[in-house]
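Q: I have a model open and want to go through it. Can we take it piece by piece?

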Amino acid sequence: VLVLVVAAIVAIAAVAGGDSKKKAAAPTGTGPVTALPYAEETARMFAGIPQKGDVLGPDDAPVTMVEYIDIQCPYCNEFETQAFDSIVEKYVKTGKVRVVVRPLAFIGDDSVRGRNVLIAAAAQNRMFDLAQILYYNQGKENSGWLDDNMVRAAVGSIQGLDLGRILSERDSDAVKKQAAAYDAQGQADGITGTPTVLVGKTGQTPAVVSFTSYTDPKAVEAAIDKALG
């Protein structure tokens, strides 16, 4: 009996130890276990909304909102972390608006690195999630904050985003080609700074929204309401 009891204790300890190690290990291809701040808020923000490349929301939404952003722009940070969630809740989740995001790289090297990983994330239909978590954890401009450690932490904070693919594709020819396409579209639209938001009926040329405050969604909401008729 004693031998059986000891064997059972050893078996239980082995199973418990195995579970503990399993929980401590990083998920394959998703980065670190410990998520960045605001990971849960980001997941809730986009839950249930279709994403396809650089588009958030249903294709048949009557209104389209276009965002030109720089991932390390502090004014973009204000809009994305304090106003965009309201727009998503009121208009995107209800199927009234589809959002197209076009990342630019105005400020510096961190902008370039950020844009590249966003484009790579678009191939996995998680561009908006990655942009949002990076804005929530944005560092000082051109400080080198958006290094590989930040990329790994940010990607690891998003369920289903494959870190290996991001790292292998971020400097690919396909990503560079898409970055050049965003630059060309930005020039065609006369974009000279970020954030720039344009709103209009889907299929028609959108108009630039004039901001009084990047933290207040009212200007964008008014433009959306006008486009909805």
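Q: Start with strand β5, residues 196–201: is it mostly covered or open, and how many of its residues are buried?
A: Strand β5 is mostly covered, with five of its six residues buried. Buried means under 20% relative accessible area, exposed means over 50%, and partly exposed is in between, using a 1.4 Å probe and protein chains only. Strands here are DSSP E runs of at least two residues, helices are H or I runs of at least four, and both are numbered from the N terminus.

Q: What kind of model is this, and how are residues numbered?
A: This is a predicted model, in which local features need pLDDT of at least 70, side-chain atom pairs count only at pLDDT 80 or more, and totals for chains, interfaces and linings use all residues. Residues are numbered from 1 along each chain as its sequence is written, and side-chain values use heavy atoms, with hydrogens and water left out.

Q: What is the average pLDDT of the chain?
A: The chain averages 88, and 86% of the residues score at least 70. pLDDT is the predictor's confidence in each residue, on a scale from 0 to 100.

Q: Where is the pLDDT below 50?
A: Over residues 1–32. That stretch has 20 contacts in the model beyond near neighbours in sequence, a contact being heavy atoms within 4.5 Å. Where pLDDT is low, the predicted coordinates should not be read in detail.

Q: Back to β5. In which sense does β3 pair with it?
A: Strand β3, residues 63–69, pairs with β5 in the antiparallel sense over six bridges. Two strands count as paired if DSSP finds at least two bridges between them. Within this pairing, Tyr68 stands opposite Thr196 in β5.

Q: And how many bridges link β5 and β6?
A: Two, again in the antiparallel sense, with β6 covering residues 207–208. Val199 stands opposite Ala207 in β6. The hairpin of β5 and β6 has five residues between the strands, and Gly203 there takes a positive phi near 95°.

Q: What peptide bond joins Thr194 and Pro195?
A: A cis one, with omega about -5°. Pro195 lies in the loop between α9 and β5.

Q: Now β4. Why is it described as largely enclosed?
A: Strand β4 spans residues 97–103, and seven of its seven residues are buried, so the rest of the structure largely encloses it.

Q: Which residues sit on each side of β4?
A: Val97, Val99, Val101 and Pro103 are on one side, and Arg98, Val100 and Arg102 are on the other.

Q: How do β3 and β4 run, parallel or antiparallel?
A: β3 and β4 run parallel and are joined by seven bridges. Ile69 has Pro103 in β4 as its bridge partner. Strand β2, residues 55–56, pairs with β4 in the antiparallel sense over two bridges, and there the bridge partner of Val55 is Val100.

Q: Different topic. How many salt bridges does a search of the whole structure find?
A: Seven. A salt bridge here is a side-chain nitrogen of Lys or Arg within 4 Å of a carboxyl oxygen of Asp or Glu.

Q: What does Arg115 pair with?
A: Arg115 forms a salt bridge with Asp183, the closest N and O atoms being 2.9 Å apart. Arg115 is in helix α5 (residues 109–122) and Asp183 in helix α9 (residues 173–188), so the pair ties together parts 68 residues apart in sequence.

Q: Are those two buried or partly exposed?
A: Arg115 counts as buried at 9% relative accessibility, while Asp183 is partly exposed at 32%.

Q: Which residue does Glu169 meet in a salt bridge?
A: Arg165, at 3.2 Å from N to O.
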